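Hi,

Here is the structure I said I would pass on. Have a look at it first, and my notes on the salt bridges follow below.

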Amino acid sequence: MWKILVSLLSLALVEAVTRYDGYKVLRVVPNGDAQVRYLRNLEEDLELSFWKEASFPGRPVDIMVPPNKFGRFKTELRLFGFDVNTMMTDVQSVIDRQMEENAEKRSMNPDSFDYNTYHTYDEIDAWIDEISAANHDIASPFTVGTSYEGRKIRGVKVGKQATGKKAQYYVGGIHAREWVSPSTMIYTVKYLVEGYGNDPSITNYLDNFDYYIVPSSNPDGYEFTWTTDRMWRKTRSPNAGSNCVGTDPNRNWSAGWGRFPGSSGNPCSTSYRGPEAFSEAETDAAAKFVESLAPNVAVFIDFHAYSQMWMSPYGYTRDSPPEPDYTKQIDANKRCGEAIEAVHGKVYQTGTIANTIYVANGNTADWGYDNQNILLSHAVELRDTGEHGFLLPEDQIQPTAEETFEAVKEISKIALENMQ
Ligand SMILES: [Zn+2]
């Protein structure tokens, strides 16, 4: 107990917990290019936090607003012709309720890993060893590298032991606050190991592919969301000449890095691209690890939340990749989206990143395609479409994982078809 008290105390001395009392999440839908431009300019206002950035007319934009700014801001939005909907009235109360539920579930089942709760980085790390040991014939832990703060970035490799196999690499949790991504990765490992020898299609995939699944690719940021700021997105490395910490690890890859728009050069922005490509220990390690598997990587997927989208390159330009790749990628997006919808009826939008969510450069999926020639290089936004946003309740962990796993099976099927 004293250890917990001491660590809590030292934490309090180092950094106060960030609270969101009275913060609201507003949704507006721009009806034309002028309104899109207006919202884009607001992204420079660092008091506002864009949960869902402005992209196209007709696409909702979600903005978290502090209480002291709310009245003024709402008036301003109305003056500019927006209808304003409140998605969440008090972000802190939602966080508090979820953490209470999480603690309650833990206390009911202290000794076993509950797949239907969110887990800390240390718990995920311990689970990696447990599930690997329990399924050692087809699962083993692997280490990608070390984070800025010195945490091991680890994952589980699942596949029948054989040489010359193709690989699939899944990036989970690269954005710290998107908690359903690590849980979906954890469930994916579970479904794969349980399916081997029981489900002929999964057995076939594991005979043909090694799945490298990393639940938490940004461990410092993820840990920070548990201890200090539930809404943290970036890494935790300091920035020279600025008091603002962290780089957006999904704007830090080399493909199209540093273009504008699509990332920020301001270290205080949540989409800060970093001083150079691969400046972050986490992205550098991940890229080197994937390169070490080349040229055998058939599938590369980066899982985010939220918005319900299954996307392919490019993010750094609205131009399409050359044919025949583009048609194959778009077809894969659609098939994965349909596989998801067939499970619980959740509709996923599909298309290229820049034409579906927004222009984003230095992202994982573009790097996988441009730099590693991985045809099936995808960016996914998991549940939901904004009702809970980053604060997806724990009772949606399992259904999200269930439907996502059907898309994992579908992309594996597509990859096998492409190999023939
Ligand atoms: Zn994300």
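Lys190 counts as buried because its relative accessibility is 18% (buried means under 20% relative accessible area, exposed over 50% and partly exposed in between, with a 1.4 Å probe and protein chains only). Helices (H or I, at least four residues) and strands (E, at least two) are DSSP runs, numbered from the N terminus.

Before you go further: this is a predicted model, where local features need pLDDT of at least 70 and side-chain atom pairs count only at pLDDT 80 or more, while totals for chains, interfaces and linings use all residues. Residues are numbered from 1 along each chain as its sequence is written, and side-chain values use heavy atoms, leaving out hydrogens and water.

Now for the overall count: searching the whole structure gives 20 salt bridges. Among them is the one between the side chains of Arg27 and Asp62 (2.7 Å, N to O). Arg27 belongs to strand S1 (residues 24-28) and Asp62 to strand S3, so this pair ties together parts that are 35 residues apart in sequence. Both of these residues are buried.

Another one to look at pairs Asp210 with Lys165, where the closest N and O atoms are 2.8 Å apart. This pair also links distant parts of the chain, 45 residues apart: Asp210 is in strand S8 (residues 209-214), and Lys165 is in the loop between strand S6 (152-158) and strand S7 (166-172). Asp210 and Lys165 are both buried.

What else does the side chain of Asp62 make a polar contact with? The side chain of Tyr306, at 2.7 Å. (A polar contact is a pair of N or O atoms within 3.5 Å; within protein, one must be able to donate a hydrogen and the other to accept it, and residues adjacent in sequence count only if both atoms are side-chain atoms.) Asp62 lies in strand S3 (residues 61-65) and has 0% relative accessibility. Setting aside neighbours within four places in sequence, its contacts (heavy atoms within 4.5 Å) include Ser49, Trp51, Met87 and Gly386.

Cheers

Notes. Salt bridge = Lys/Arg side-chain N within 4 Å of Asp/Glu carboxyl O.
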